[in-house]
Amino acid sequence: MPTVLKNAAYTLTILPDGALSLAANAGGAPARFAPQFLVLQRDDDPKVTLRRAELPQSINYSVPTWLRATANGGTDTSLKTAATDTTVTAGDGLDPATLQGSGASRTGNLFRASASVALMAVRADVVGQTVRWHFPEHADFTLTAEVTLLPGRESPRLSFIFTPKRAGFYSVGYVGAASTDPKATQESWQPLIWQEKRFPSASFLTPAFHCPLPTTLVMVNNQTYGLIAEPAELPFQPLPTFENSRFGVALRDSDGKARPMIFAPMLGGVGSQRKPGEVFSFALRLITQPQSLLTTYQSLARGLYGFRDYRQSTTHSLNQTLENMVAYGLSEYSRFNKELKGFSYETDAPGTVKNVSALHPLSAALVLDDPVIFKELAYPLIEYLVSREKFLFSTSPDIKIQNPSWRLLGPCAPLSELAALYAITQRRSPLLLRYATALLKQQRTLNLDTPQAEDTWQNQLALYDATGEKRWLVAARAKADAYLKAQVQTRQSEFAPGSFFWNSFVPDFFALLTLYEATGEKRHLEAAHEAALRFTQFIWLCPTIPTETITVNKGGKAPVYSYLAKRTKGPMPVPEESVPAWRLSEIGLTPEASGTSVGHRGIFLTCFAPWLLRIAALTGDTFLHDLARAAVVGRYASFPGYHMNTARTTVYEKPDYPLHPFPELSYNSFHFNHSWPHIALVLDYLISEVETRSKGAIRFPARYAEGYAYLKSRIYGDRPGVWQGEKDIWLWMPRGLVTVSSPQVNYIAARSGDGKTLSLALTNQSSEPVTVTLTLNPALLPGLKANQRRVSIAPHGVATLKLGGLTITPAFQKELLGAGGAAWAHDEARTPFIQGEVVGMVLNFGPALQSAFVYLQGTNQEIREARLLYQIDSAPEQTLTDSRYPFEFTVALPPNTKSFTYRIEAVTPSGTLQKTEPVALQR
């Protein structure tokens, strides 16, 4: 009779050949785990390093590679050939070394990296709840292994001890999990990119630092089996990097089958070189679950790795953080170039500027009721996005890094942005809608040189939102049906062309949720939910957070990011301090993208968080809820730069962290164009948190800011919402409105349409009840009788407060949201001129917010100086001169302007004067 071991969750049967049959007590077929190991060994240093893998669709991703062992010759196509010009292709997060090719000297195929010895146990003994496997003696090493069925509901733990008898480089792989033909799997998973039915094209190893969970899994017949490293094998300190990765996981075996495997130590990595008698031990878990791979993945995160809703605020609430971010975004430190109307992008591409979306500062201007944000940022960005050819712009054709455009051949704005801007102008600028609808027939390359078709259901949905025309929703739903069938209901076996950021590896849950909000159809919500869960496989869920405090910033200095070491002045000063480990954890963040996941451990710009929060509320999914909070809460007190890297620190938590000149910012990357997308993220999170905690009793309509890459947010402020049954309620959160006595409490504020009441919703970020004092700003609230209130809020709760008898007078909202300022009948003109056209337009955001914008497509190679001669109605003609490229002019128009007449004079480099005929734009 076979020996059978049981605990509350599993039954482990020891088969006659020593293999284990592991079955979950909840049901499902047993999974077989054989007593089989593979020892990789080399006498010489294999010099493991990362190189780009040769992957379908030119996916940019780096894998461990080794100097090829002479015994393993033959063709190896696992690696990319050398990059031709790393000065162009390398950038922040892209280590130039990883872009070097392999030639004939390196391999990314684990089984070509060394000679190997296969070991199969010759017998198995059972002692209590432990199965001990015995292996034949080998001249170069000894191996012992045992599997223990732990008490409770724990999965079996496999541990082994390896002792070399002679010096060398070793790696021990457990390869006893069952193998499956990849075509027979429902799906499988190897971090970071082999998801659904995408299967590794070679036997690549994923090092520990690249594992959101250090597991590899296979799903067959509606159940999942695999392996996962014991949490203790991936320590919290130091921050995981390639250099300190002690092990790796793999999925493709030497026969090309799907077989979960773990190799430790990583060949050539830390701990791999061992002296005679120098013992190495390692532990992992055997996994089988009668459920989907995604559900198994969640249970491993929760049960084994202890993921929970672990964050709370630290030194600042999100409202304090938001106000600090806005102050930074309006300061010189945010590096907005007023002349070029873009943010410096010198971190990646010196000599360029780059923008993401005008909707982010426009929404902030509305919600915060701040005309300065509109004037200094939102409006210039609108001009930039309608005139430039790409998001990334340079005034010189000689700049090649990331291939910027230097031409004014716009718009570069996404169709959805143009549509949203049209809607937010109260449909006063029809040229924006014309631009949007014209793009439906185009295919454009705007970011990362990836062409994208514009005639998509997402864009049709954007046109429906902007216009209210049902034909666009009908078209969007029809195309979305095909999308659901092809992308959500079908497991993907290929990478989408140009996949780079994580959202491009999964279905578009941003747009799917937006579609659900437009249709109310359950299947659209289910699709958004499915896509969001797939996205969670790119979010860090390890290392497990210890309970102790960690001392950081030793010696009063922050770590220095290697990419910036030669470009900045050295370590930033920051006090040495000991803080709870959870404050330093990356759990809830993601690396940036497949190609930059080496240098970007965890990015703070977690635009996905509010979307997960809303999907969680609609589906009751606590996993998504907890990940959303982990992505945002208690992480920073101002703009934190881009990512955590190198080593754990609190430098990015400090409110003055970004308030330094660029050469002093040495801890992490500053992509200055990210500051307002990050502000939009925080606003979106604050508003979404109140909406979800109030179960929809407090909600505000939103527009979709697509941006590019993963920079996708909902933006607010152009329409009223609902507050516990009351309508005509407008978000109104001017800076300095409320001071809250505890950083654990966030809030949103809204005014009634008549300005007589202010409503506040407060959310507690901690797991303890709090009572706070609110101090209200009487200068912003005429009629306020008492400026302090006491409010108690339950753990993770929400409380509301309403103040009446006020006379609230918006400073900016009334200008854009008020009546008047009808659309111009003739709001754009294009005149052929030197090497292109002169483009003139009226951008109309309201009676007091309308401007004429005129730009020349000709460059400084053809034009030395340009002059705009213009006339507003019958007023005298005036002249503006621009002597630097780009040649563009902005003229504010009085509220009752009926016409704007203009002409251009331009001086060529040879001194020739060329002119256009007058053009009239008319209301």
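**Close-up 1. Lys 695, an exposed residue in the loop between α14 and β33**. With a relative accessible area of 78%, Lys 695 counts as exposed, a class that requires over 50%, whereas buried denotes under 20% and partly exposed the range in between (1.4 Å probe, protein chains only). This is a predicted model, in which local features need pLDDT of at least 70 and side-chain atom pairs count only at pLDDT 80 or more, while totals for chains, interfaces and linings use all residues. Residues are numbered from 1 along each chain as its sequence is written, and side-chain values use heavy atoms, with hydrogens and water left out. Phi of Lys 695 is positive, near 55°, in a residue other than glycine. Most residues other than glycine have a negative phi.

**Close-up 2. Ser 694, a buried residue in the loop between α14 and β33**. The loop that holds Ser 694 runs between α14 (675–693) and β33 (698–699); helices (H or I, at least four residues) and strands (E, at least two) are DSSP runs, numbered from the N terminus. Ser 694 is classed as buried because its relative accessibility is 16%. From C-alpha to C-alpha, Ser 694 lies 53 Å from Ala 145 in space, and the two are 549 residues apart in sequence.

**Close-up 3. Ser 58, a residue with positive phi in the loop between β6 and β7**. The phi value of Ser 58, which is not glycine, is near 55°. Ser 58 is exposed because its relative accessible area is 52%.

Close-up 4. Pro 265 belongs to the loop between β20 (258–264) and β21 (273–274). Pro 543 is placed in the loop between α11 (522–535) and β29 (549–552). Most peptide bonds are trans.

**Close-up 5. The mostly covered helix α4 and the residue Asp 369 that follows**. Helix α4 comprises residues 359–367, and nine of its nine residues are buried. Among these buried residues are Leu 359, His 360, Pro 361, Leu 362 and Val 367. Asp 369, which follows α4, has a positive phi near 55°.
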